[in-house]
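Visitor: I'd like to learn how to read a model like this one. Could you walk me through a few features?

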Amino acid sequence: MQSSSDDKSASITVDMTSLASGGSCVGTIETPESLAGKKAFIPYAIPGERVTATVIQDKKSFVNAELLSIERASPDRIAASCPVFGRCGGCDLQHIELKAQRNLKAAMVADLLRIHGSIEASDGISLLAPDLPGFSYRRRMSFHINKKREFGLYRKNGRQIVELSHCPISTDTINGFLAENLELVKECAPEIETVTVEDHAGEVYLALEVHPRNSTALTTLLPKPAFKELERRVPNLQVNYRHRAVYRPGETVVNAPPVGHFSQNNELANAAMIEFLISHVTTPGVTDLYAGAGNISIPLAAAGHTVTAVEVDPALVAFGTSRVAQAGLSERVTFHTKSCEKWIEKNTADLTVVLDPPRGGALEVCQRLSPEISPYLLYVSCYPPTFARDVQVLHERGFRLKSVAVLDMFPQTYHSELIALIERA
């Protein structure tokens, strides 16, 4: 076989087989003979296609390649609706028909569980809410801006900004804000580097993040005419320093959601997820780990359960506590401001445990959960690789994976949400 330096930039022919975590499509190289049989990861290809690509990185067991041409196209290939698709790093799959995207994601989850965990769900893998919209769903966007006043999203695998003034996966509220205020936002450069726009029930919440390297950015930003006009137009505006709010005009907003902190991004998909979770909780008490601002805890309490909610972010706990009080559920929801890893060391979970961890998963928590104490687990995951790892740990501790529902929380991207029912073996 030729050396990797000889094969780099070589033209290869590949039969594509499956979607990979990360957004690329994976296939087997047919030609040249020196690389035949090796796996190739190629963005913007589709399983079932035969493509020609250029090797850009040759590893021991696989290559990364760039798509050149399509010799045999998939019937699921469509024209992307966004003019910057392929350059912008926000979307991975706009070239694939939506139903096919969702089937590929479900297959990817099954492959990851089998390969990384050697585990299969006894009742199988299903798609939840398969008819959700594919666009205009994302209610939180973090845009970037530089000193040249370029505004948009980062290029795929880079830090260069792809300029845009409209994003088809964002809600109409966010795109309406951009249409009316983009020039004002640009005039706030170079003091700011990130612009987070959130849509809460059709109302815009805006966070401008000042450069952490510039200690005077806040004092030079506030007097700017453009910033003053944004203050007037957007009552729910704040300025952040590394995601910590340092300025809110007048401090007039009461019980406002903490902009830039975690919240589920797809309102309709989130509603489907909560309905699914409620229908599968049968015990009076529930421990909600990684509870955020009560996205799951509050609906469970409203359905009659008593919930122990554990969340490390004090801003989310404060907002969640205010929401619980407004809903009249303070006797049913108790928040603990602590990391779930620390909490589980000294506390006993309820019969039912809900886990909704960040991308890093819940390894330490899973290593402490007991099937005798908490026989019912509902694991919500946004990252299948760490989910597969954690399920393997739970399997070794005496749990079994009953079923997995794949929810397309993030259409047009390779990301998806998984909801797993796990119980005592």
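Visitor: Let me start with a histidine: is H261 buried or exposed?

Guide: Keep in mind that this is a predicted model. The general idea is that a residue counts as buried under 20% relative accessible area. H261 has 18%, so H261 is buried.

Visitor: Where does H261 lie?

Guide: Look at the loop between β13 (244–247) and α6 (267–279); H261 lies there.

Visitor: And which residues does H261 touch, not counting residues up to four places away in sequence?

Guide: H261 touches R140, E198, H243, D313, A315 and L316.

Visitor: On to cysteines. How many disulfides are there?

Guide: For a disulfide, you look for two cysteine sulfur atoms within 2.5 Å. Here the count comes to 0 disulfides. Take C167: the closest cysteine sulfur is in C91, 6.1 Å away, so that pair is too far apart for a bond.

Visitor: Are C167 and C188 buried or exposed?

Guide: C167 has 7% relative accessibility, so C167 counts as buried. C188 is at 0% and counts as buried too.

Visitor: Now the strands. Which strands make up the closed barrel?

Guide: Follow the order β1-β2-β3-β5-β4: these 5 strands form a closed barrel with mixed pairing. Neighbouring strands of this sheet are turned by 50° against each other on average, direction ignored.

Visitor: In what sense do β1 and β4 pair?

Guide: β1 (residues 11–19) and β4 (residues 50–58) run antiparallel, with 5 bridges between them. To spot a bridge yourself, find I12, whose bridge partner in β4 is A53.

Definitions and conventions: Residues are numbered from 1 along each chain as its sequence is written. This is a predicted model: local features need pLDDT of at least 70, side-chain atom pairs count only at pLDDT 80 or more; totals for chains, interfaces and linings use all residues. Side-chain values use heavy atoms; hydrogens and water are left out. Buried means under 20% relative accessible area, exposed over 50%, partly exposed in between (1.4 Å probe, protein chains only). Two strands pair if DSSP finds at least two bridges between them. Helices (H or I, at least four residues) and strands (E, at least two) are DSSP runs, numbered from the N terminus. Axes are lines fitted to C-alpha atoms, for helices over the stretch in contact, and angles run from 0 to 180 degrees between N-to-C directions. Contact means heavy atoms within 4.5 Å.
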